[in-house]
Amino acid sequence: MRAQQSRVTEGPAQFDRYRRQTILREFGVESQQKLAASRAVIVGVGALGCASADLLARAGVGTLTLVDRDVVELTNLQRQCLFDESDAIERRPKAEAAASRLSRVNSSIRIEPHVLDVTSRTLPRLLREAKPDVLIDGTDNAGTRYLLNDAAVRDTIPFVYGGVIGTRGMQMTILPDASPCLRCVFEEPPAPGTMPTCDTTGVLGAAVAIVAGCQAADAIKVLIGRRDLIKPTLLEFDLWSSERRRIDLSSMCNATARRNCPCCGKHSFEFLDGKHDDDAIKLCGQLAVQIGSTGRECDLDRAAERLREFTPKRVSPSLLRVSLAGERAESSGSLELSLFADGRAIVAGTADPARARGVYAKYVGA
Ligand SMILES: [Zn+2]
């Protein structure tokens with residue numbers, strides 16, 4: 001999506017709009033030119049994705065690819081800075097609503113929206129076509145994040161991880177071959193139902209802003225060729241207690257220290273190879289989608305605790321059922337989520353596997 005070129009973006013004055021950036025001692029016109037020739041892919045255009053896309057579009061990244069499977073809802077507006085009430089009323093796809101907004105902010109860059117469920121099947125093609133110089137994490141679930149980590153390490157694409165929950169945030173930038181990857185630090189994703197999600201715990205918008213700011217700054221460093229400025233660190237913030245933590249990962253930078261990492265040490269790309277795919281399938285004759293077991297059991301007690309605001313019903317020791325008020329079903333009423341102890345789930349009220357997968361990620365968190 002490229003808006004009609006406006007006069008402010010033509011001719012030798014094309015970089016005028018960036019003057020407050022180019023006069024930075026750390027930046028300069030040459031860096032601006034590099035940024036204009038660069039490509040960034042942002043996977044997930046929720047809170048973090050919106051904020052980093054906004055910063056990178058305004059900074060002048062030449063091509064921004066925005067990828068999201070979801071639509072805008074009213075509850076997004078508290079923290080997802082590229083959307084407005086009309087987007088929520090129309091339930092516009094997030095990638096398209098964000099691209100539309102950003103093309104009005106900066107008509108001199110290319111913005112490519114993709115309404116896409118990022119899976120082991122769709123990601124390789126997306127990356128082949130987009131050819132990103134940097135990959136930015138705006139996802140809301142561990143499965144997609146580990147998939148991105150696999151792809152980044154395999155294809156040697158710098159990967160800027162970020163995560164926010166409650167009042168806390170984390171950020172880490174992975175330079176494949178030069179710094180530890182996500183699995184060096186968190187070897188396995190959390191089991192389904194054990195981690196809080198934004199939809200069960202909530203999220204403070206200010207925590208989003210600080211993490212997205214760190215992500216965008218590191219992405220810009222990568223894109224202007226200043227990887228030397230990126231420190232191998234895991235940053236942690238708690239905006240409520242005003243605590244900051246910086247975990248130094250420099251001891252994990254050399255290949256020997258990382259040799260036992262399944263991903264960057266042993267090059268076993270199991271997420272990219274589809275070994276953890278949830279295999280969402282529409283159930284025959286029903287308005288429901290089953291999300292197949294990922295091979296990891298679901299702790300139903302903890303899931304029930306996380307979902308308590310929806311008053312879940314423990315149908316049996318192996319089944320928890322909950323009606324998700326606020327998630328409109330395609331027929332009438334709300335979506336209903338059935339969680340099985342073996343890790344399977346059924347989302348009733350939709351026939352769309354991508355939506356079912358999104359709902360599962362939002363409320364169960366895997
Ligand atoms: Zn690793």
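D117 forms a salt bridge with R357, and their closest N and O atoms sit 1.8 Å apart; a salt bridge here is a side-chain nitrogen of Lys or Arg within 4 Å of a carboxyl oxygen of Asp or Glu. Keep in mind that this is a predicted model, where local features need pLDDT of at least 70, side-chain atom pairs count only at pLDDT 80 or more, and totals for chains, interfaces and linings use all residues. Residues are numbered from 1 along each chain as its sequence is written, and side-chain values use heavy atoms, with hydrogens and water left out.

**The two domains**
- The chain splits into domain 1 (7–252) and domain 2 (281–363), with bounds that come from an automatic or database domain assignment.
- Between the C-alpha centres of domain 1 and domain 2 there are 29 Å.

**Where they meet**
- On the domain 1 side, 19 residues are in contact with 20 residues of domain 2 (contact means heavy atoms within 4.5 Å).
- About 1700 Å² is buried between domain 1 and domain 2, and carbon and sulfur atoms give 45% of that; buried area is the accessible area (1.4 Å probe) that two parts lose on being put together, summed over both.
- In domain 1, P192, D199 and T200 lose the most area to domain 2, together 33% of what that side buries.
- Two salt bridges are counted between domain 1 and domain 2.

**The zinc ion**
- Which protein atoms are the donors of the zinc ion? They are the SG atoms of C181, C184, C261 and C264, lying 2.2 to 2.3 Å from the zinc ion (donors are N, O and S atoms within 2.8 Å of the metal, or 3.2 Å for Na, K and Ca; water is not among the atoms, so sites may look incomplete).
- Along the chain, these donors follow the spacing C-x2-C-x76-C-x2-C.
- The zinc site is tetrahedral, with angles of 94 to 124° among its four donor atoms; four donors count as tetrahedral if all angles lie between 85 and 135 degrees.

Key: Tetrahedral: all angles 85-135°; square planar, octahedral: opposite > 155°, others 65-115°.
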